[in-house]
Amino acid sequence: MKPKIVSVLGARPQFVKAAVLSRIIRLHNQIQEVIVHTGQHYDTQMSAVFFEEMQIPKPDYFLDINGLSHGAMTGQMLEKIEEVLLKEKPQAVVVYGDTNSTLAGALAASKLGIPLAHVEAGLRSFNMNMPEEINRILTDRISDLLLCPTDKALKNLKMEGFDHFTTRVIKTGDIMKNAVRFYSEYAEQNAKVYQELKLPENQFVLVTIHRQENTDNPEKLKAIFSALDSIQDKMPVILPLHPRTKKALANYSINTNVRLIEPVGYFDMLMLLKNCKMVITDSGGLQKEAFFNSKPVIVTRDETEWVELVEHGFAKIVGSDKTKILHAFDHYLSNKLDFDQDLYGHEVGQKIHDEILKLLT
Ligand code: UD1
């Protein structure tokens, strides 16, 4: 009988990462994968569209836990995932990234003594006010196998003393790179939004804003949108709107001239990335997806986990400072960059698959 893993997913960026690994798992057919979707993201455009486009197997369990406070959400997920693990009795649990679904899956596994693998381990923002930072630190500490995307991630874990723990720590590279490479061709054929919007090729700015540190702070959100409105006067700005940001704009009565559209699926996002001039975002994943598509990125946060992008000049950290956002925009308009740099590894999904297989045998 094949060894069994339970993969815990819940939020948009996890679907992208899991799509790569699930495909490789099915290809090799050495591992049985049971998929648990916590329900953290549940709108069609935030969830179902990813499963369809990227052909992720239908979740075996959908827990439908969402729209709650952090504690209630994580607590309910922990309880329900534990029930699944008790029933399925897997040889390992796999979690991705840094969301509440990640932490709940990690806690459920470790409390039952089931070996735990963390994909995208070792990243740190060193900002303890971010819920994601707490989720990462705790998940890494209780994992048995840490699959790190970068050298910096390895260093972070070393600094936290992981050399002295029994945890297996491996640098695999970044799994999102596989996704961009693999799905780009499908995106060319199937994406519609870029064409429908009739955007000028290489002459628009792609923006996403959803981080709690921005959406929950009216001053920051106003400053960011004021900067985006100024950019819009020079070049079209297109912004697929996360539900959290939609609520915040309404709550703070922020009006904007930028073009707001519904959240887009993975294929549409890839095509928008491919054809834009530059990206402005507070997302972690999109920073690298911009790089994989040879686009500079302006990061509306005070720090990033992907420091190598900043070090090589592909990203600028601007917080919510309007002047800095506009300077960075002008900088990237007038400076050409050489994106031919290998920052995130190769054959990452395969390496992760092989490491998980070792954990099981
Ligand atoms: C979560 C992750 C964040 C990740 C992001 C990707 C945590 C702590 N944060 O943030 O790291 O970058 O996902 O998008 O886990 N909502 C809907 N429909 C949906 C999904 C969410 O209306 O399909 C609403 C929720 O009800 C809630 C808000 O959007 O009111 C925020 O959703 P939530 O899952 O709590 O966190 P995200 O901001 O998406």
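**Sheets and ligand shell in a predicted model**

Me: In what order do the six strands of the open sheet lie?
Reply: In this predicted model, six strands form an open sheet whose pairing is parallel. The order of the strands is E10-E9-E8-E11-E12-E13.

Me: Why is one side of strand E10 and of strand E13 left without a neighbour in the sheet?
Reply: Strands E10 (259-261) and E13 (315-317) stand at the edges of the sheet. One side of each is left without a neighbour because each has a single partner strand.

Me: Which residue in E13 stands opposite Ile298?
Reply: Strand E12 covers residues 297-299 and is joined to E13 by three bridges. The two strands run parallel. Opposite Ile298, E13 places Lys316.

Me: Which strands stand at the edges of the open sheet of seven strands?
Reply: The seven strands follow the order E3-E2-E1-E4-E5-E6-E7, and their pairing is parallel. An edge strand here has a single partner, so one of its sides is left without a neighbour in the sheet. The edge strands are E3 (61-62) and E7 (168-171).

Me: Which residue in E5 stands opposite Val95?
Reply: Strand E4 (residues 92-96) pairs with strand E5 (residues 116-119) in the parallel sense, over four bridges. The residue of E5 that stands opposite Val95 is His118.

Me: How far does a polar side-chain atom of His242 lie from an oxygen atom of the ligand?
Reply: Gln40 has a polar side-chain atom 2.8 Å from a ligand oxygen atom. For Glu132, a side-chain N or O atom is 2.7 Å from an oxygen atom of the ligand. For His242, the distance from a polar side-chain atom to a ligand oxygen atom is 2.8 Å.

Me: What percentage of the ligand's accessible area does the protein cover?
Reply: On its own, the ligand has 750 Å² of accessible area. The part of this area that the protein covers is 91%.

Me: Which helix supplies the largest share of the shell around the ligand?
Reply: The ligand is surrounded by 22 residues, the closest being Gln40, His41, Glu132, Arg244 and Lys247. Helices H1 (12-28), H3 (70-88), H5 (131-142) and H11 (243-251) each supply at least two residues of this shell. The largest share, three residues, comes from H11.

Me: How many charged residues does the shell around the ligand have?
Reply: At least three shell residues come from each of domain 1 (4-174 + 345-360) and domain 2 (184-334). By class, the shell has seven nonpolar and eight polar residues. The number of charged residues is seven.

Notes:
Residues numbered from 1 in each chain as written. Predicted model: local features only at pLDDT ≥ 70, side-chain atom pairs only at ≥ 80, totals over all residues. Heavy atoms only, no water. Near = heavy atom within 4 Å. Polar contact = N/O pair within 3.5 Å; in protein donor to acceptor, adjacent residues only side chain to side chain. Areas by Shrake-Rupley, 256 points an atom, 1.4 Å probe, with all protein chains shown as cover. Nonpolar A, V, L, I, M, F, W, Y, C, P; charged D, E, K, R; others polar. Domains from an automatic or database assignment. Pairing = 2+ DSSP bridges.
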